[in-house]
Amino acid sequence: MDRISAIQAFVRVVEAGSFARAAQRLRSSTSSISRQIAALEQHLGARLLNRTTRKLSLTEGGQAFYERSVQLLGELEEAEQLVGAVAATPRGTIRLTCPRNLAARQVGPVIARFAARHPSVRFDVTVSDALVDLVEEGFDLAIRVGRVGAEGLVARRLGQVRLTLAAAPSYLRAIGTPRAPSDLAGHRALTYAYAATPNLWRLMGPDGTWHDVRVSGPLIANNDELLMASAIAGLGLVMVPQFMLETELAAHHLVRVLPGYEGPLLDTWAVYPSRRHLSAKVRLFVDHLVESFSREEGQVAAGRGVSPGAGRPPRSLSTRAAKGAR
């Protein structure tokens, strides 16, 4: 029995929750994975997994063995990287998921610059606004705005985005222009489905006071671009990240509503399952993300006469401390 391969198979089965999914990730067969686990249990003289027709669960000994196995495999990978060419030349594929509103405008250029530096690294990117399970779906990394996701993940702050309220001139001519946050309750709101409270909009007044307004409207969607397109067509008011609005505001397809009031600032995060055992290529890319987003945020802040570090939270933290909401 190849103990390292068997341990790797065991860890993948636990992470995937099934022999079939683990076999798919390891490009092996279910029967082969099953034999490896059985041989490992026989070698250890203890059962590691409770198997039923519906699910797998760890035994008490299996839980302890799993924790040490993850540590062992991580240290083995680090040792190989220290003495191998991969330490100097990261290679392989980074599986990444990111929201649609960041994908083309920000994440795409960041990937291009990283790939120019490290041509042996490939990217497999899934663009989705849903909070996918990184371990279950086999992702190395996620970029998220506002909400981080499940506890147990590590989140490293990349920057902040400001939500801004806007509408089409045609809508304001037809329905009227809000003069105070309380007026929003009588308007058609186009709301974001994945927000923690889609029908509650927050605005901060010139005196620093927050105004919470219950809103309703004809459209709720899980995509900011759809909400913006609907707003441009005159359907209602929209609150989306400021960077998405810049072109439409400049072209006067949309105008700011209640310009004396600011929408919330949302943190942008790089999120990954483990800090200790992050692979070299992912660690380098996360550093590159932090550098790129910080530079862009600094340029925007400098243009506004604001210190880019003002109010900045810690660089990384567990998701227990990083929960936010749009």
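Thr 89 sits in the loop between α5 (85–88) and β3 (92–98). The model is predicted, and in it Thr 89 counts as partly exposed, at 34% relative accessibility. Its C-alpha atom is separated by 7.1 Å from that of His 118, 29 residues apart along the chain.

**Helices α1 and α3**

- The axes of helix α1 (residues 3–16) and helix α3 (residues 30–44) come within 9 Å and cross at roughly 110°, which means that α1 is roughly perpendicular to α3.
- The crossing of these two helices, α1 and α3, is left-handed.
- On the α1 side, the contact is made by Arg 3, Ser 5, Ala 6, Ile 7, Ala 9, Phe 10 and Val 13; on the α3 side, by Ile 33, Gln 36, Ile 37, Leu 40 and His 43.
- Eight residues of this contact are nonpolar, three are polar and one is charged.

**Aromatic pairs**

- The structure holds six aromatic pairs.
- One of them joins Phe 10 and Phe 65, and the pair is tilted because the ring centres are 5.6 Å apart with the planes at 50°.
- Phe 10 lies in helix α1 and Phe 65 in helix α4 (residues 60–83), so this pair ties together parts that are 55 residues apart in sequence.
- Phe 114 and Phe 285 have ring centres 5.1 Å apart and planes at 80°, so their pair is edge-to-face.
- That pair links helix α6 (residues 100–117), which holds Phe 114, to helix α11 (residues 280–304), which holds Phe 285, 171 residues apart.
- Phe 114 is buried, at 1% relative accessible area, and Phe 285 counts as buried at 0%.

Terms used
Residues numbered from 1 in each chain as written. Predicted model: local features only at pLDDT ≥ 70, side-chain atom pairs only at ≥ 80, totals over all residues. Heavy atoms only, no water. Axes fitted to C-alpha atoms, helices over the stretch in contact; angles between N-to-C directions. Helix = DSSP H or I, 4+ residues; strand = E, 2+ residues; numbered from the N terminus. Parallel < 35°, antiparallel > 145°, perpendicular 65-115°, else oblique. Left-handed = near helix turned anticlockwise from the far one by under 90°. Contact = heavy atoms within 4.5 Å. Nonpolar A, V, L, I, M, F, W, Y, C, P; charged D, E, K, R; others polar. Buried < 20%, exposed > 50% of the residue type's maximum accessible area, 1.4 Å probe, protein only. Phe/Tyr/Trp six-rings, centres within 6.5 Å; stacked < 30°, edge-to-face > 60°.
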